[in-house]
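Hi,

Here is the model I promised to pass on. Have a look, and my notes follow below.

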Amino acid sequence: MALHFTHLHFPLLFLIITICLCISSTFAVKPQNFYPFFKVDADGIIHRYQHIKLVPPSNNPKTGVQSKDVTILPQKNVSARLYLPKISRKNQKFPLLFYIHGGGFCTQSAFSSMYDSYLHKLTSEANVIIVSIDYRLAPEHLIPACYDDSWAVLNWAAQGTEPWLKIHANFSRVFLAGDSAGANIAHNLMVRASEESHFVASLVGMALIDPYFGNGKPDSLWTYLCPKSNGINDSRFNPAAHRSMLSELKCSKVLVCTAGKDFLRDRAWTYYETLKKSGWKGQLGIKEIEGEGHVFHLFNQTSEKAKVLMKSIVHFLA
């Protein structure tokens, strides 16, 4: 039924208008701009700045690397791309690497041309099986969705029912790796696996490339994407503020990678130094590539310095 205000007294009319305005403001969204990732209009519509080119799985006749996609949580659209190195003998076993892509928790994909190209190279050179995790992106799916999705993939793989993994994965040599926000996720997966004794895969180590961690100062992107954060020293974002947690990591080796011109360089070094002093008993290394910026190795994969970084990661996984 339509409302007609013709015979209403002014105080009542004013009250109705005020209530309508309050209801309208409740659903309004403050415009946000997180360039180069996304912006949010006042009506809540999200606009992404980057167009990510996706490519299908493929087989590389030169390297012998095969890839395929698997759906893990169809109801949440969580999936992964698997990479299998060249097989030289029947039932050959390889170390298993879970790789988590970066992109500020809100962009990129395990199926993008950039990550597909890089992980084909890494599979071939390191001779490992890779599970490249495709998690739900923020801000449509706020943190901790990325952590939960990635954890679900680890547990799915640990069941050992996927044919490639069942036949060829060495579950006694499992690694985690990621770049930028993916390195943050990899670290948090290691923390959770260290705390939950039921996790059956044997996590040997993790490689954190240009990790996106906090530094004890406000970070507008993290705050927006994780509205239920515990603050600037949330253990998920600023692990260096939780030395005792770092000391309990169950893996035996960690490699931290950074670059001389990376705007997150100091955070990588802080993580490294804090882990070094935490009492953790594992093997710890750090690799810095001079004169390069954040995740340069993904944007210029054939450069000499990208090859140097690749060799460091391959050596770590060996």
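Which helix does Leu189 lie in? Leu189 is in helix 5, residues 181-195 (helices are DSSP runs of H or I with at least four residues, strands are runs of E with at least two, and both are numbered from the N terminus).

Before the rest, some ground rules. This is a predicted model, where local features need pLDDT of at least 70 and side-chain atom pairs count only at pLDDT 80 or more, while totals for chains, interfaces and linings use all residues. Residues are numbered from 1 along each chain as its sequence is written, and side-chain values use heavy atoms, with hydrogens and water left out.

Overall, the protein has 10 helices and 11 strands, and its C-alpha trace spans about 90 × 40 × 40 Å along the principal axes. Of its 318 residues, 49% count as buried (under 20% relative accessible area with a 1.4 Å probe, protein chains only; exposed is over 50%, and partly exposed is in between).

Back to Leu189: its relative accessibility is 3%, so it counts as buried. Leu189 touches Ile100, Tyr147, Ser150, Trp151, Leu154 and Leu176, leaving aside residues up to four places away in sequence (a contact means heavy atoms within 4.5 Å). Tyr147 is 42 residues from Leu189 along the chain, yet their C-alpha atoms are separated by 7.1 Å.

Arg136 sits in the loop between strand 7 (129-134) and helix 3 (145-158). With a relative accessible area of 17%, Arg136 is buried. Its side chain makes a polar contact of 2.8 Å with that of Asp149 (a pair of N or O atoms within 3.5 Å; within protein, one must be able to donate a hydrogen and the other to accept it, and residues adjacent in sequence count only if both atoms are side-chain atoms).

Now the rings. Rings of Phe, Tyr and Trp (its six-membered ring) pair if their centres lie within 6.5 Å; planes under 30 degrees apart are stacked, over 60 edge-to-face, and the rest tilted. The count by this rule is 14 aromatic pairs. One of them is Phe38 with Tyr224, a tilted pair at 6.1 Å centre to centre and 40 degrees between the planes. Phe38 is in strand 2 (residues 38-40) and Tyr224 in helix 6 (residues 220-225), so this pair ties together parts 186 residues apart in sequence. Phe38 is buried at 0% relative accessibility, whereas Tyr224 is partly exposed at 25%. Ring pairs also link Phe105, Tyr147, Tyr212, Trp222 and Phe237 into a cluster.

Cheers
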